[in-house]
Amino acid sequence: MLSCSRLVAPKIDWNMLRYVIKRLISTLPVLIGISFLLFFMLRMLPGDPAQVLAGQMATPEEVQNIRHQLGLDRPIFTQYALFLGRLVRFDLGRSARTQNPVIEEVWARLPNTILLAVAAIILACLFGIPAGILSAVRPYTWIDYLVTSMALFGISMPVFWLGLMLVVLFSVILQWLPAGGTGTWKHVILPSITLAAFVVAFIARMTRASMMEALAQDYTTTARSKGLKESVVVVKHALKNALIPIITVVGLQFGLLLGGAVLTETVFAWPGLGRLIVDSILARDYPVIQGAILIFGLLYILVNLMVDLVYAFVDPRIRYD
Amino acid sequence: MTEKKKSNELQSYWSGNRELRRRWAKLRRNKAALFGGVLILIYLFTALFGPILYPGNPSAPNLIRSLETPSRQHPLGTDELGRSILGRIVHGSRVSLLIAIGVVSLGLLLGVPLGLVSGYYGGKVDFGIQRITDTMLAFPGFLLALALVAVLGVGLKNTVISVGISMVPIYIRLVRGCVLSVREQVYVEAARALGTRDVAILMRHILPNVMVPITVQTSLGMGTAILFAAGLGFLGVGVQPPTPEWGAMLGSGRAYLFHAPHVATFPGIAIFLAVLGFNLSGDGLREALDPRFKL
């Protein structure tokens, strides 16, 4: 028989719930802004958007048909209202190239981009945080200089060039890993390292700065004077307090990573959202560009929201009032 | 009375000068920043005197010599059309410098006034500008530049406009943040009490006090501009061939990665060194000029 306590519903943190709702509402102006941007993107095109979508070979009837389908023959505010209505239903139109619904094309590619981004961020944290800690614990030593130099190199290195150089080394010379494509876990290694290198530098720098500040605080001195082991002081006292800025930078980097994914996916022929955007730009497939950019924007907002919520678990002092 | 005022002015001038000298000395002691400065000087020298250093048309094909490995005649080898890679990198430095200056100027011209107005006036103006900034920052910078290129089309001018606009929200946020702290200072209040016009307060009292972060951001922004423009060139949506642009060179070299990896290697090194120079200098400037780094 189940005990009663197991059947009791988990306690709801109303403050937190209120905060989540407040944060969700605060993203509304940004979402409206994004919808404006996407709406006017099509209107800013030189010439007639219907003609652009129909292509140069289309007959006047076909162009007129597209114009009517998109509602381009209606007043501008009606067009925007219709556009918003379609957005809410995730109806992003059809691809000019394949005639498939844009949302299908985007959904098909999204898991690949998320897989790459998550693999890269895990890799970046695994290297960046320990490197930053090491650098902060031994400041102004050779190891600190090595970490800070590597971090600066990482920030300055073009991600697409690094990807190509990794292909030369691991695929052409050593022939250990595939140069591109997808299918096995081996295909994920080079793209995620490339993408991680771009982010690891930021994480290492922020960890170093944040840890150095925490290590200079009174509570760290107190912990040391109590005779605690240095590893305990560093991990339990300093790192715990230094985590907030580190989480912030990890969240922010996730956005940068999405931008970097466009280049990395192109280098490794990785069938993700970034590659879809580039292919669509080259083919002037505007509905797909709109859809993919919208999803990127939503992802970025969602990640920022999640970062805010993670703060609560890391730092109980934060109150959601 | 007048003499006392003069003496005070002189004193503040010398103390200001001393502060400047102290910061300059701090910057000079920073070896990384110095190295960055040297890299920038080499880059500027190459960009300015490129045609003298490497005369001839860098885009003229010579198919007989295509994909040659580095040799005495072509120290960095040749590309798929037999053009000297070194020559194209040298001439390409001018293109990337042009883009970087254009991008940063656009970012400054639009971002600084908007940031000043947003921070100084607050209220509805601030709300409006900040919501636009929020929207622009809802996209990673490179993606925003890519979206703008999709609308504006490819080419040098559109690359500058797209990357430049993608940088505007960064300047707006930076300047606004600084203005918010500066506008509450006593000297701003005093100027307002004396009836000084807002434009004069913004230009004479507030702008000089936000110059440090703007200078640092400009150095870092030059590096980012080179990276973004090269990224667009690499994807084939930036500066178009046959213009020798570093990113586009890398993009075309990608096809020959298995047979002639040098074609993609050297333009990448050029981008890396130029960006590294600006990043090192930006970091050094921040450490020397930002009082928070006095710790």
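Leaving aside neighbours within four places in sequence, which residues is Leu146(B) in contact with? Select Leu146(B) and its surroundings: on chain A the partners are Val262(A), Ile277(A), Val278(A) and Ile281(A), and on chain B they are Leu232(B), Leu235(B) and Val237(B). Contact here means heavy atoms within 4.5 Å.

The model is predicted, with local features requiring pLDDT of at least 70 and side-chain atom pairs pLDDT 80 or more, while totals for chains, interfaces and linings use all residues. Residues are numbered from 1 along each chain as its sequence is written, chains are lettered from A and ligands numbered from 1 in the order in which they are written, and side-chain values use heavy atoms, without hydrogens and water.

**The cores**

Next, select Phe160(A), Leu146(B), Leu235(B) and Ile271(B), the residues with the most contacts inside the largest nonpolar core, which has 136 residues. Such a core is a set of buried Ala, Val, Leu, Ile, Met, Phe, Trp, Tyr and Cys residues joined through side-chain atoms within 4.5 Å. Buried means under 20% relative accessible area, exposed over 50%, and partly exposed in between, with a 1.4 Å probe and protein chains only. Colour helix α12 of chain A (residues 230–267): the largest share of this core, 15 residues, comes from there. Helices (H or I, at least four residues) and strands (E, at least two) are DSSP runs numbered from the N terminus.

For a second, separate core of 15 residues, go to chain B, where Val182(B), Ala191(B), Leu202(B) and Leu207(B) are among its members.

**Helix α10 of chain B**

Select residues 246–253 of chain B. Seven of the eight residues of this helix are buried, so it is largely enclosed by the rest of the structure. Those buried are Trp246(B), Gly247(B), Ala248(B), Met249(B), Leu250(B), Gly251(B) and Gly253(B). Their cover includes α9 (159–173) of chain A, and from chain B α2 (31–53), α3 (85–121), α9 (211–235) and α11 (262–289).

Stay on α9 of chain B and pick Gln217(B), which is found in that helix. Gln217(B) counts as buried because its relative accessibility is 17%. Beyond residues up to four places away in sequence, Gln217(B) touches Ile170(B), Tyr171(B) and Leu174(B).

**Chain A as a whole**

Finally, show chain A as a cartoon: it has 14 helices and zero strands. The C-alpha trace spans about 85 × 60 × 50 Å along its principal axes. Of the 321 residues of chain A, 45% count as buried. Among chain A contacts between residues at least 6 apart in sequence, 71% join residues at least 24 apart.
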